[in-house]
Amino acid sequence: MPDLQQAQRVLREVFGYEQFRGAQADIVDTVVSGQNALVLMPTGGGKSLCYQIPSIVRPGVGIVISPLIALMQDQVDALRELGVRAGFINSSLSSAEYGQMMTELRAGRLDLLYIAPERFSQAATLELFDTLPIALFAIDEAHCVSQWGHDFRADYLSLSILQQRYPHVPRIALTATADAATRDEIVERLALHDAEHFVTGFDRPNIQYRITQKRSPRQQLLDFLRREHSGDAGIIYCLSRRKTEETADWLQQQGFDALPYHAGLSAEQRLRHQQRFLREDGVIVVATIAFGMGIDKPDVRFIVHLDLPRSLESYYQETGRAGRDGEPATAWMVYGLQDVIKLRQMMDGSQGNEQFKRLERIRLDAMLGLCEITSCRRQALRAYFGEQAPDQCGNCDTCLNPPPTWDGTQAAQKALSCVYRTGQRFGVAYLIEVLSGLESERILSNGHQRVSTFGIGRELDKSQWQSVFRQLVARGYLGVDHASFGGLYLTEKARPVLRGEETVQLREDIKEVSARSRRGSD
Ligand code: ADP
Ligand code: ZN
């Protein structure tokens with residue numbers, strides 16, 4: 001096919017690459033032939049070529065809409081280096097520069113024009129575009145069109161004009177992060193119903209995913225680092241600033257070269273820690289999510305999550321900072337019920353309307369789902385981003401050591417009925433005391449030594465019960481009421497279990513709790 005051959009020649013002769021990577025060839029082919037496309041590809045996957053090459057191959061100028069005004073100059077400079085006729089229009093141009101750009105554009109001397117989205121609400125821009133042959137519209141960072149996403153930009157809403165005013169110009173929307181809800185909104189707002197979807201490149205085969213229950217996190221972390229990653233560079237993510245400081249201090253005492261990093265440190269300190277991480281060997285950064293954006297260190301050997309990320313997007317992005325060099329790396333996480341409760345509280349207390357909060361909860365549930373599954377983690381992660389994957393990856397904890405399950409129906413019934421008998425307002429710690437038959441002051445003052453579930457759970461110990469409750473929460477049998485500080489209540493889903501109509505399979509690993517890990521602290 002001549003078009004694809006031409007695209008291949010541009011790839012080689014202009015960009016200097018031997019071949020297209022992954023789905024690039026299909027995407028380029030689709031757009032060159034005038035069809036619409038939606039591209040989901042992680043950062044670094046090679047999205048730019050997907051619109052740059054069709055812009056060069058097709059007649060007319062390719063219009064690239066990007067919110068990242070600060071990067072336009074660099075992108076354009078890089079293209080010009082390669083001999084591509086590129087330009088940009090944004091508020092940073094002087095009027096002389098602007099005039100010159102217009103001349104180039106009108107004379108048909110540009111292959112690519114980068115432009116900020118707000119231009120599309122200006123009549124002058126549209127009138128100009130009406131007179132030009134246009135190769136395509138590329139909508140970069142397309143998730144910005146989603147109201148419920150984290151990066152919503154009102155200017156992107158005006159882009160619905162593209163389909164209405166230029167129905168015959170192909171549109172290609174590109175993003176690195178989009179769950180199903182965001183993806184649907186992109187399709188809706190940019191009128192991409194007939195677009196071909198390309199979801200690709202989300203697999204990072206050299207990263208080993210492991211998720212384990214939080215028992216004594218510090219001891220677990222120490223074991224992990226000493227056994228598998230002594231002397232390696234890595235990032236440890238925590239939810240709070242205080243915890244990053246405490247964890248870094250403690251790791252230093254244990255002989256590791258660990259540094260804290262969070263938005264509360266001075267700019268100078270942050271820069272110093274970041275540079276030590278980048279330039280020296282074996283430095284560990286203990287960070288809040290503030291660390292990592294734009295950090296390109298190829299030999300990060302491990303990513304640890306001591307607290308649960310708030311979504312699979314965050315988890316994927318953060319773990320994706322490991323092993324950029326393609327060598328083996330580990331994504332290791334511990335999680336516990338307290339994490340879930342803390343995150344839900346943060347979300348409920350956050351700004352934002354009900355629908356936003358509801359989506360946040362759905363995202364968190366998906367994250368929990370990944371923690372609690374008994375099948376391949378990589379498959380689940382890739383499936384979440386819309387990618388097909390084999391049943392077994394052979395490089396995640398559930399593939400390497402399939403977690404045995406046990407029939408937890410009876411334990412679930414005891415836990416659920418204990419919640420019910422004590423009035424659906426107590427937290428996990430208290431409920432476990434009741435199940436264990438502890439005659440604590442609080443239990444006696446509530447008269448709960450007299451409920452029928454008092455002391456019926458002595459066959460499991462405290463950490464085992466915690467796991468049972470966590471799994472029941474994660475799977476939606478129990479809800480967490482934040483107004484009552486984490487009180488648990490039954491959901492609709494709990495009924496068939498209590499009536500004995502449904503069995504509950506639980507992960508077996510709670511029974512492997514060793515004596516050592518029970519001694520540790522949280
Ligand atoms: P994204 O926009 O998806 O984050 P980029 O388009 O910036 O990714 O590409 C990431 C890197 O991969 C760039 O350095 C780019 O030059 C390189 N790259 C992209 N496609 C190819 C290819 N087909 N062959 C070799 N390198 C490529
Ligand atoms: Zn696997």
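Trainee: A residue is near a molecule or strand if its C-beta atom, placed from the backbone, lies within 6 Å of it. On that basis, which residues surround ligand 1?

Mentor: The shell around ligand 1 consists of Y17, F20, R21, Q24, M41, T43, G44, G45, G46, K47, S48 and L49. This is a predicted model, in which local features need pLDDT of at least 70 and side-chain atom pairs count only at pLDDT 80 or more, while totals for chains, interfaces and linings use all residues. Residues are numbered from 1 along each chain as its sequence is written, and chains are lettered from A and ligands numbered from 1 in the order in which they are written.

Trainee: How many of the residues around ligand 1 are nonpolar, polar or charged?

Mentor: Four are nonpolar, six polar and two charged. Here Ala, Val, Leu, Ile, Met, Phe, Trp, Tyr, Cys and Pro count as nonpolar, Asp, Glu, Lys and Arg as charged, and the others, Gly among them, as polar.

Trainee: Now the whole protein. What does the secondary structure come to?

Mentor: There are 22 helices and 17 strands, taken as DSSP runs (H or I, at least four residues, for helices; E, at least two, for strands) and numbered from the N terminus. The C-alpha trace spans about 85 × 50 × 45 Å along its principal axes.

Trainee: And what share of the residues is buried?

Mentor: 41% of the 522 residues. Buried is set at 20 or more other C-beta atoms within 10 Å of the residue's own, exposed at 12 or fewer, and partly exposed in between, with C-beta atoms placed from the backbone.

Trainee: On to the sheets. What is the strand order in the seven-stranded one?

Mentor: That open sheet runs β3-β4-β2-β5-β6-β1-β7, with parallel pairing; two strands pair if DSSP finds at least two bridges between them. At its edges are β3 (86–89) and β7 (196–199), each pairing on one side only. From one strand to the next the twist averages 20 degrees, with axes fitted to C-alpha atoms (for helices over the stretch in contact) and angles running from 0 to 180 degrees between N-to-C directions.

Trainee: What goes on around β3?

Mentor: β3 is joined to β4 (residues 112–115) by four bridges, and the two run parallel. F88 is opposite Y114 in β4. Helix α4 (residues 69–81) lies across β3 and β4, at about 165 degrees to β3.

Trainee: What about the six-stranded sheet?

Mentor: It is also open, in the order β8-β13-β12-β9-β11-β10, and its pairing is parallel. Inside it, four bridges link β9 (residues 234–237) to β12 (residues 302–305), with I235 opposite I303. Helix α11 (residues 267–279) lies across β10 and β11 (284–287), at about 140 degrees to β10.

Trainee: Which residues have the most contacts inside the largest nonpolar core?

Mentor: V39, L113, I172, A173, V285, V286 and L431, in a core of 140 residues. Such a core is a set of buried Ala, Val, Leu, Ile, Met, Phe, Trp, Tyr and Cys residues joined through C-beta atoms within 7 Å.

Trainee: Take V285. What is it in contact with, beyond four places in sequence?

Mentor: V285 contacts I235, L259, Y261, H273, F277 and F291, a contact being two C-beta atoms, placed from the backbone, within 7 Å.

Trainee: Why call helix α15 largely enclosed?

Mentor: Because six of the eight residues of α15 (residues 377–384) are buried. Those are R377, R378, Q379, L381, R382 and Y384. They pack against β8 (207–213), α12 (312–319), α14 (354–372) and α16 (397–400). G386 follows α15 and has a positive phi, near 90 degrees.

Trainee: Which loop holds E141?

Mentor: The one between β5 (134–139) and α7 (161–165). E141 is not a glycine, yet its phi is positive, near 50 degrees. E141 is buried, because 20 other C-beta atoms lie within 10 Å.

Trainee: And Q424: what is its phi?

Mentor: About 55 degrees, positive although Q424 is not a glycine. Q424 sits in the loop between α17 (409–421) and α18 (428–436). With 15 C-beta neighbours inside 10 Å, Q424 counts as partly exposed.

Trainee: Last one, Q19. Buried or exposed?

Mentor: Exposed, because Q19 has 9 C-beta neighbours inside 10 Å. Q19 is in the loop between α1 (2–13) and α2 (24–32). Its C-alpha atom is separated by 7.4 Å from that of Q8, 11 residues apart along the chain.
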